[in-house]
Amino acid sequence: MEPKHKELLHQCHQNLLESITDADQLIELLSKSGSLNEQEAFELDQNCSSSAEKVEQLLKMLMNKQSDHFLELCVALEKTYPHLYSALFANGGGPSEHSGEWIWVEEKVMLQPSIDTVGFR
């Protein structure tokens, strides 16, 4: 994961742990997007006893991956916990018009209108 994305997740870490009450919804969406493979989803289900523990391990998994899955995480948050998605960007500007990609705006990442690009509808 890109350092800027990791930093943003570190800043919101405690809020995510406390606010995500059903980590399974998030895990399901991330599995469907390809951000988590079957083994990773299984490990989260079997090795974590609480939702907070699942979120903790999920964030560690995503941050340690070679490829950046921040976009997919934000799309999943927007679908399952819109208030948390908004909280990620509370200190930055709003979305900017662009070609349906992620762009860096005022040190924050913003989701563009075309969510279809990651396979969620």
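Contact here means heavy atoms within 4.5 Å. The model is a predicted one, so to speak of local features takes a pLDDT of at least 70, and side-chain atom pairs count only at pLDDT 80 or more, while totals for chains, interfaces and linings use all residues. Residues are numbered from 1 along each chain as its sequence is written, and side-chain values use heavy atoms, with hydrogens and water left out.

Lysine 54 is a handy place to start. This residue sits in helix H4 (helices, H or I, are DSSP runs of at least four residues, numbered from the N terminus). Lysine 54 is buried, at a relative accessible area of 9% (buried is under 20%, exposed over 50%, partly exposed in between, with a 1.4 Å probe and protein chains only). Leaving aside residues up to four places away in sequence, lysine 54 touches Ala23, Asp24, Ile27, Leu44, Asp45 and Cys48.

One of those neighbours is also a salt-bridge partner: the side chains of aspartate 24 and lysine 54 meet at 2.6 Å, N to O (a salt bridge is a side-chain nitrogen of Lys or Arg within 4 Å of a carboxyl oxygen of Asp or Glu). This pair links distant parts of the chain, with aspartate 24 in helix H2 (residues 23-33) and lysine 54 in H4, 30 residues apart. Aspartate 24 is partly exposed at 38% relative accessibility.

The structure holds five salt bridges. In another of them, glutamate 40 pairs with lysine 65, the closest N and O atoms being 2.9 Å apart. Glutamate 40 lies in H3 and lysine 65 in the loop between H4 and H5, so the bridge ties together parts 25 residues apart in sequence. Both ends are buried, glutamate 40 at 15% and lysine 65 at 18%. Within H4, glutamate 56 bridges to lysine 60 at 3.9 Å; the two are four residues apart, about one turn of the helix. Bridges with shared partners join Asp24, Asp45 and Lys54 into one network.

As for helix packing, H3 (residues 38-47) and H4 (residues 51-64) pack at about 150 degrees, with axes 9 Å apart (axes are lines fitted to C-alpha atoms over the stretch in contact, and angles run from 0 to 180 degrees between N-to-C directions). That makes H3 roughly antiparallel to H4 (over 145 degrees). Glu40, Glu43, Leu44, Asp45 and Asn47 in H3 meet Glu53, Lys54, Gln57, Leu58 and Met61 in H4.

Conventions
Angles under 35 degrees count as roughly parallel, over 145 as roughly antiparallel, 65 to 115 as roughly perpendicular and the rest as oblique.
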